[in-house]
Amino acid sequence: MSGNSGFICAMTLRYTIGTMWISRWLRLRFGKTLRRTGRVFACLALLLWAPACARQDKVGREAIVVAVIAPFSGDFEPWGAAVRNGVILAADGWNQQGGVLGRPVQVLLKDGRCDYNVARQVTTEAIKEGAQFIIGEVCSVASEGVAQVTTDMKVLQIAPTSVDPETTLKNDGNVRPLVFRIPFLDVDQGIVAAHLALETLRADTAAILYAENSEYGLTLADAFEKTFTDGDGEILVRKTYNQDAEEYFDVLSEVRDANPDILYLPGYFNVMNRLVAQARRFGMFQTIIGSDGWDSPDLDFAVTDGSYFTTHYFSGEPRPEVKAWTQLYTARHQVEPDAVATLSYDAVNILFAAVTAAGTLEPFAVADVLETATFEAVSGQLTFDKYHNPTKGVLVVRVFNGRVIYVDRLMP
């Protein structure tokens with residue numbers, strides 16, 4: 001910090017009592033301040049990118065290689081670009097501060113294409129080429145392929161966007177010791193949506209509509225219904241719809257007749273633009289709650305005005321980490337970061353904060369730190385549970401007067 005406006009304190013680690021070897025390192029590094037506060041601030045550099053193209057820098061220090069497995073071609077290429085942008089900005093920050101454990105960080109990009117087999121192949125290649133850590137993949141099916149390889153080859157992996165609960169688990173249900181994820185699970189946002197309905201909107205009754213044959217919609221609907229009914233709410237209608245249909249009046253008529261207080265619509269923005277428009281034309285003016293699939297600049301703000309939805313990141317959240325990150329990313333790319341870029345940025349910063357605290361690149365030692373620390377990341381404060389899923393708040397935002405506004409961050 002020291003008056004240098006190019007840096008912000010982007011991450012906090014709190015350590016549990018009894019983790020003596022970590023505490024000893026922290027005491028040596030930070031002295032009496034740590035004993036008074038019980039925490040250490042890892043201030044991450046947020047400066048412009050200085051490319052690291054060689055395995056060693058010009059003074060001969062061996063680089064730490066992080067492989068990024070993401071879709072850099074094909075239909076999902078925009079997601080891969082966002083991952084790349086977030087990872088590189090994070091790596092730049094560490095390199096501007098002298099690297100990690102005194103060594104520069106090198107980013108190795110591998111095109112996983114959101115494909116299970118391709119992701120397995122390029123992950124194996126990356127590790128054979130010297131990658132010590134893996135960030136990826138984006139799609140859950142590809143993340144599973146990556147996780148199988150990293151588990152077999154004993155390399156630590158952080159999935160920046162995969163929300164499939166199976167990503168961090170072996171076939172027997174036990175946790176993969178070296179696989180972690182950054183985003184909250186879908187069940188968490190379903191729970192938060194129900195709390196919002198019960199506690200903020202004071203709803204007594206609800207209806208749920210979600211796409212048929214959608215694991216995403218089913219998971220959210222189940223989580224919402226359980227939490228809402230446990231809170232003495234009543235589900236009047238629960239129906240599925242064909243998301244490829246042009247009209248939804250048949251399913252909407254049942255909801256209109258039941259007249260619930262709120263309508264829960266977990267789904268994707270392109271369907272919501274049609275579905276919500278038809279609900280309003282059909283005389284249904286209940287408050288609507290959506291999910292992170294709504295989070296898109298292509299969401300019709302006029303149609304969805306007044307609706308709420310849950311999401312992973314919002315640039316208008318009033319926290320200094322969010323403001324600094326948004327300014328940094330916008331200065332580089334002339335557009336605000338999305339959730340994918342933000343979660344990828346957090347993945348790298350969390351990884352290297354843990355490496356720094358561990359004082360080693362040994363993957364199991366780094367995993368031990370990840371399992372015991374609390375991180376103040378751009379996407380929110382988090383700890384990892386026993387299944388290596390983050391325990392973190394879920395953002396709630398609202399469409400209002402042609403824009404999205406911040407509402408709250410709620411714990412599931």
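**Terms and their grounds**

Author: C114 is buried, at a relative accessible area of 9%. The structure is a predicted model, in which local features need pLDDT of at least 70, side-chain atom pairs count only at pLDDT 80 or more, and totals for chains, interfaces and linings use all residues. Residues are numbered from 1 along each chain as its sequence is written, and side-chain values use heavy atoms, with hydrogens and water left out.

Reader: What makes C114 buried?

Author: Buried means under 20% relative accessible area, exposed means over 50%, and partly exposed lies in between, with a 1.4 Å probe and protein chains only. The value for C114 is 9%, so the residue falls under the 20% limit. C139 also counts as buried, with 14% relative accessibility.

Reader: How do you know that a disulfide joins C114 to C139?

Author: A disulfide is a pair of cysteine sulfur atoms within 2.5 Å. From S to S, C114 and C139 are 2.0 Å apart, so the pair meets the definition. The link is right-handed, with 75° about the S-S bond. A search of the whole structure finds one disulfide.

Reader: Why is the contact of K110 with E129 called a salt bridge?

Author: A salt bridge requires a side-chain nitrogen of Lys or Arg within 4 Å of a carboxyl oxygen of Asp or Glu. The closest N and O atoms of K110 and E129 are 3.0 Å apart, so the pair qualifies. K110 in strand β4 and E129 in the loop between α4 and β5 are 19 residues apart. K110 is buried at 12%, whereas E129 is partly exposed at 44%.

Reader: What makes E62 and R103 a salt bridge?

Author: The closest N and O atoms of E62 and R103 are 3.7 Å apart, so they lie within the limit of 4 Å. This pair links the loop between β2 (39-45) and β3 (64-70), which holds E62, to the loop between α3 (77-96) and β4, which holds R103; the two residues are 41 apart. E62 is partly exposed at 41%, and R103 is partly exposed at 23%.

Reader: How do you know that D222 forms a salt bridge with R238?

Author: The closest N and O atoms of D222 and R238 are 2.7 Å apart, so this pair also meets the 4 Å criterion. D222 lies in helix α7 and R238 in strand β9, 16 residues apart. The structure holds 14 salt bridges.

Reader: Which peptide bond is cis?

Author: The bond from G136 to E137 is cis, with omega near -5°. E137 is placed in the loop between β5 and α5.

Key:
Helix = DSSP H or I, 4+ residues; strand = E, 2+ residues; numbered from the N terminus.
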